[in-house]
Amino acid sequence: MLDNLQSELNKFAKAVVKQSRTRLTKSQKSVSKGLYNSINSKVSISKNSFSIAFLMNEYGVYQDKGVSGTEKKYDTPFKYGSKMPPVKPLAEWAKKRNIRLRDAKGKFKKGNYNTIGFLIARSIQKKGIKPSLFFTKPFEQAFKNLSKDVIRAFALDVEKLMDNSINNK
């Protein structure tokens, strides 16, 4: 019934997802592609309403908006306090990339990846995560044009509905 409106909302959602993935790749925030692949949208239209949902892994919100550290602050609603980020995923990340500690002579130090994970987690807690706005910017840009396109699409759907009503009588 509201085919033009649905089409326009789908275009909007796809554009936001595509641009978000592009910006994420350029910012190199998603090395494993887990976050990249999780970015998606869902458009629903019912008789009395419509909705658009954007979905991604939970940590994507923190990558997008950033997180203030205990020493470095950002303009974000999120902040680290006494609790550090989880060590285990950071240790696994370091292991995948074969990141190891070196001494002053450049030789590998003793210690395992959990030590590296802990050091990275402590650094993130202090310095925070700088906002990348990989999702926010594409959403805001696409949203600027959305109202004109939705009004035009809705007008076409109403016109089509009127024509059908008149022809059926």
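Begin with the hairpin in which four residues connect β1 to β2. The model is predicted, so local features require pLDDT of at least 70 and side-chain atom pairs count only at pLDDT 80 or more, whereas totals for chains, interfaces and linings use all residues. Residues are numbered from 1 along each chain as its sequence is written, and side-chain values use heavy atoms, with hydrogens and water left out.

Select β1 (residues 40–45) and β2 (residues 50–55): the two strands run antiparallel and are joined by six bridges. Strands (E, at least two residues) and helices (H or I, at least four) are DSSP runs numbered from the N terminus, and two strands pair if DSSP finds at least two bridges between them. Within this pair, S41 lies opposite F54 of β2.

Next, select E8 and K11, which form a salt bridge with their closest N and O atoms 3.5 Å apart. The term denotes a side-chain nitrogen of Lys or Arg within 4 Å of a carboxyl oxygen of Asp or Glu. The whole structure contains one salt bridge. Because E8 and K11 are three residues apart in helix α1 (residues 3–27), about one helical turn separates them. E8 is buried, at 17% relative accessible area; buried means under 20%, exposed over 50%, and partly exposed in between (1.4 Å probe, protein chains only).

Finally, select K127 in helix α5 (residues 113–127). With 51% relative accessibility, K127 counts as exposed.
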